[in-house]
Amino acid sequence: MRNHTLLLVEMLQFRFGLKEGENQFEFEVKIQGVKDMIRLLVSLDMILNKYAAIRSVKLLYSSVNIGDNRKILLNKEVAKVLTAPNLYLPGKVVTEGYVWGHHNIDVLLKDTYRSSEQYGKAYLAKVIQTKDLELLATHSHKERENEPMVEESYYFYNGKFYRTLEGDWYYKYLTEGYQSGGIEGILPHISFENAAIDENGTVYRYVKANDPDNIRLIPNGTEENGSTLTEYLAEKGLSENLVLPHFIDLKVSYGESKWNIHSERVVGQQIPVYEVGQWIEHEGKYGKVIEQQGPLLSILWEDQYRHRYNDLVPFHEVSRAGNVHKQYAKPCLVKIRTKTTRYTYGWLLSETPNYKHVQPINLEEARIQQKIIDDVLGWRRRTEEADLLIAKIEEQWEAKSVNFFIYPNDEIEKVKTKTEAAAVKHLLLDNKDFPGKSLVNNIFEMKKLRNKEFFIVHFLMLLQKEKNIMSSLDRLTIYLKDEYFSEAGLDKWFQRELEISNKQQEIA
């Protein structure tokens with residue numbers, strides 16, 4: 001439609017009232033045999049908020065059913081409106097480069113399915129000059145023995161690196177398009193973003209260089225999982241005299257892959273040395289270096305008891321951190337509430353920004369409880385979340401040499417009141433009784449509570465405030481009769497009861 005030229009957004013604003021910053025507008029048409037106007041919604045794919053392709057036209061309202069014959073009439077009326085010449089650019093050359101696209105004005109009815117390829121799309125290709133390009137490297141490769149070698153070139157300009165497209169399947173169509181129609185003959189065959197064209201009709205794909213002094217193209221020509229030449233050689237345990245241009249023949253299990261490096265940007269800088277025990281940060285997670293293998297770091301992460309040797313991170317993906325591991329000379333009493341509804345008390349020994357190292361008061365019982373959770377969840381390996389949880393619990397169970405468990409910050413709460421600290425000391429540290437303890441214990445055993453000691457502590461706290469064991473027991477028994485009761489719910493019940501008691505004491 002309109003020879004792949006794009007709509008002018010300012011004309012759509014004038015003609016259809018398209019609002020600034022929006023990519024949709026409505027309009028109405030009338031077709032023969034239908035009394036009322038038919039309302040439609042046009043969706044646009046925009047470039048630079050100045051040029052647009054019609055992505056889709058959707059039926060919003062019609063007083064009658066639109067069958068096959070009426071749809072033909074409707075498409076004709078829509079085309080009359082949306083193909084008006086004054087709405088379009090006169091050509092494809094604009095200040096920013098070349099713009100073009102394809103439109104879809106076939107009206108989309110409510111029950112019509114359309115794949116993503118069937119929607120209209122707008123494209124922009126930057127114009128670059130070969131004199132501005134800095135040659136980074138050439139890459140000759142083939143995937144199979146009986147195929148010819150393909151050579152692609154990589155360049156750097158203005159913070160981005162550019163790749164020629166000889167290895168892409170559509171390269172021949174770009175060549176044929178240029179031969180038949182010059183640069184404008186190429187455009188219909190470009191169906192990707194981040195395109196650039198030079199004065200000779202060579203087409204490039206470009207991406208922003210993450211680090212212009214360390215462009216990681218090896219081995220596959222992409223910065224995703226790529227390395228500089230220095231990093232690649234260090235990882236392979238190789239040592240070469242890096243004089244430019246430098247040729248390297250990669251050992252691959254298929255075909256051939258040869259690089260000719262022309263720029264220090266691809267050679268890269270020297271790899272920094274990380275000391276064992278150095279704390280680092282990676283995507284909001286902290287860990288300490290256990291070992292460095294060339295450009296790769298083996299990390300003990302803050303949520304791990306032992307590191308995994310095959311879990312390696314490139315040094316350039318991490319940043320150095322100070323000593324983020326805070327050790328407590330005098331451990332403080334904390335309350336543990338895990339996502340597996342395990343409630344208990346323990347001593348906070350140390351912490352990192354996201355996790356805490358806590359020694360449960362009854363460490364061996366905690367290990368047994370975790371093993372029980374492991375056994376139960378072992379039957380539920382149906383979701384990724386369950387698998388991750390099981391892996392974490394198995395790791396905890398295997399960490400028998402340490403005297404703590406690792407918990408996320410949101411599962412640990414410091415014991416803030418003297419009442420709770422006193423109850424924990426009385427019951428769990430000094431192993432003392434209180435009047436009515438055996439009765440409460442029997443009630444909790446009948447309910448088969450996993451966190452019995454935790455709730456006995458809370459009952460003692462309630463009793464210390466109310467001084468009336470029968471009143472407290474009556475309310476507790478009534479709550480436990482609820483057939484939908486849970487330990488998480490019981491925890492909240494105690495919190496509410498204690499809060500009410502506190503308020504009553506304040507009033508008194």
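This is a predicted model: local features need pLDDT of at least 70, side-chain atom pairs count only at pLDDT 80 or more; totals for chains, interfaces and linings use all residues.
Trainee: Are α9 and α11 roughly parallel or roughly antiparallel to each other?
Mentor: Angles under 35 degrees count as roughly parallel. The axes of α9 and α11 cross at roughly 5°. The two helices, α9 and α11, are therefore roughly parallel.

Trainee: How many residues of the contact of α9 with α11 are nonpolar?
Mentor: From α9, the residues L439, V440, I443 and F444 take part, and they meet L473, L476, T477 and L480 of α11. In this contact of α9 with α11, no residue is charged and one is polar; the number of nonpolar residues is seven.

Trainee: Which residues of strand β2 point to one face and are buried?
Mentor: The side chains alternate along β2, which spans residues 24-29.

Trainee: Which are the edge strands of the open sheet of ten strands?
Mentor: The order of this sheet is β5-β6-β8-β12-β13-β11-β10-β9-β15-β14, and the pairing is mixed. An edge strand here pairs on one side only. The edge strands are β5 (93-94) and β14 (246-250).

Trainee: About what angle does the direction of helix α4 make with that of β14?
Mentor: Helix α4, residues 229-236, packs on the sheet of ten strands. It touches both β14 and β15 (256-261). Its direction and that of β14 make an angle of about 45°.

Trainee: Which residue in β10 stands opposite T138?
Mentor: Strand β9 holds residues 134-142, and strand β10 holds residues 150-157. They pair in the antiparallel sense over seven bridges. The residue opposite T138 is S153.

Trainee: What is the relative accessible area of T228, and is this residue buried or exposed?
Mentor: T228 lies in the loop between β13 (203-208) and α4. Beyond residues up to four places away in sequence, it touches N214, I215, R216, I218, V266, V267 and G268. T228 is buried, and its relative accessible area is 0%.

Trainee: What distance separates the C-alpha atoms of L87 and R15?
Mentor: L87 belongs to the loop between α2 (68-82) and β5, and it is buried at a relative accessible area of 3%. Apart from neighbours within four places in sequence, its contacts are L7, L8, M11, R15, F16, V81 and L82. Although L87 and R15 are 72 residues apart along the chain, the distance between their C-alpha atoms is 8.4 Å.

Trainee: Why is strand β23 described as largely enclosed by the rest of the structure?
Mentor: Strand β23 consists of six residues, 355-360. A residue is buried when its relative accessible area is under 20%. β23 is largely enclosed because the number of its residues that are buried is five.

Trainee: Which residue in β24 stands opposite V358?
Mentor: β23 pairs with strand β24, residues 405-408, in the antiparallel sense over four bridges. V358 stands opposite F405.

Trainee: Which strands stand at the edges of the open sheet of five strands?
Mentor: The order is β24-β23-β22-β21-β25, with antiparallel pairing. Each edge strand has a single partner, so one side of it is left without a neighbour in the sheet. These strands are β24 and β25 (412-414).

Trainee: Within what arc do the buried residues of α8 fall, seen down its axis?
Mentor: Helix α8, residues 418-429, has E420, A423, V424, L427 and L428 as its buried residues. They line one face of the helix, because seen down the axis they fall within an arc of 100°.

How values were computed
Residues are numbered from 1 along each chain as its sequence is written. Side-chain values use heavy atoms; hydrogens and water are left out. Buried means under 20% relative accessible area, exposed over 50%, partly exposed in between (1.4 Å probe, protein chains only). Axes are lines fitted to C-alpha atoms, for helices over the stretch in contact, and angles run from 0 to 180 degrees between N-to-C directions. Angles under 35 degrees count as roughly parallel, over 145 as roughly antiparallel, 65 to 115 as roughly perpendicular and the rest as oblique. Contact means heavy atoms within 4.5 Å. Ala, Val, Leu, Ile, Met, Phe, Trp, Tyr, Cys and Pro count as nonpolar, Asp, Glu, Lys and Arg as charged, and the others, Gly among them, as polar. Two strands pair if DSSP finds at least two bridges between them. The arc is that of the directions from the helix axis to the C-beta atoms.
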